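The tour below moves from one aromatic selection to the next.

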Amino acid sequence: MTSLLVTGGAGFIGSNFVHWALANTDANVTVLDALTYAGNLSSLGGLSAERFQFVNGSVTSPGLVSELVEASDVVVHFAAESHNDNSLEGPGVFIDTNIVGTYHVLQAVRQHQKRLHHISTDEVYGDLELDDPAKFTPATPYNPSSPYSASKAASDHLVRAWVRSFGVQATISNCSNNYGPRQHIEKFIPRQITNIIDGHRPKLYGAGLNVRDWIHVDDHNSAVWRIIEEGAIGETYLIGADGEKSNREVIELILELMGLEPDGYDHVNDRAGHDLRYAIDATKLREELGWEPRYTDFSEGLDETITWYEDNETWWRPMKDATEAKYAAKGQ
């Protein structure tokens, strides 16, 4: 039975990975999470203590990281600060967690000779023009545009250097925008859903023309597991589900699925340095590892996501007022 250490496992994608791994594999899972504002212990509620344990701590604590890595077979490194707006206001924590934290993880897996999978983002590649037919591939040059994406780019480079210099057994995945259950309501899709639940009009940055390549979080995590099992050491795999949608299309679909008129939203100030378009070419992942997404219909996955937020108000309600006050202060 495989023993997994999941860093950042109380966050959005990490907690969904824990649920997915316990449901779909026979692995035991240990979560290391600092429970910053984006980490939510209730996201791990209902898990059996027989195969799951939680450790409150940070990847910036080298002794703790080394101890937990030594006791594991595979490390799945989700832990990261990940919100662009927050990185513009306070970039220091992004440097500490995303770069220094990754360094400590790498040193630990190097010392104890453990397998590592490093979770990254398509934002390290910068953005594409709206009318550009191209998509990101593993060969796309890095061109990060925010402190967040720059810190993730740095962490990717560290992983590659430790593979080449020290023989660390690691793979990397860069994924497109995730949606699904347990995502913090500061993020675009859950913010709009919870606004509508509260009887408020959803908010659209600028003209809403920015395009994101959406993938359901369960599809992301099934791809991560496939890479852990079958991926070639030292390789990078891009994870995407061909889900390009403009922000305006997404908000109009949310309104439609929730029984409202599709134009029932307000335009607000655009975010600083807002990337135009992300798009993933997942050919390598699909052809070499045979992975395919389950959620090929974005509206189906989005409808299930809406239902989750409607049914789990106790999960998101404590965050709502503070989140909206923060956005209101910026005219958003």
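Does tyrosine 142 count as buried, partly exposed or exposed? At 22% relative accessibility, tyrosine 142 counts as partly exposed, where buried means under 20% relative accessible area, exposed over 50% and partly exposed in between (1.4 Å probe, protein chains only). The model is predicted, so local features need pLDDT of at least 70 and side-chain atom pairs count only at pLDDT 80 or more, while totals for chains, interfaces and linings use all residues. Residues are numbered from 1 along each chain as its sequence is written, and side-chain values use heavy atoms, with hydrogens and water left out.

Next, select tryptophan 20 and tryptophan 225, a tilted aromatic pair at 6.5 Å centre to centre with 50 degrees between the planes. Rings of Phe, Tyr and Trp (its six-membered ring) pair if their centres lie within 6.5 Å; planes under 30 degrees apart count as stacked, over 60 as edge-to-face and the rest as tilted. Tryptophan 20 lies in helix 1 (residues 12–24) and tryptophan 225 in helix 7 (residues 217–230), so this pair ties together parts 205 residues apart in sequence; helices (H or I, at least four residues) are DSSP runs, numbered from the N terminus. Tryptophan 20 is buried at 17%, and tryptophan 225 is buried at 12%.

Tyrosine 125 is buried, at 3% relative accessibility.

How values were computed
Helix = DSSP H or I, 4+ residues; strand = E, 2+ residues; numbered from the N terminus.
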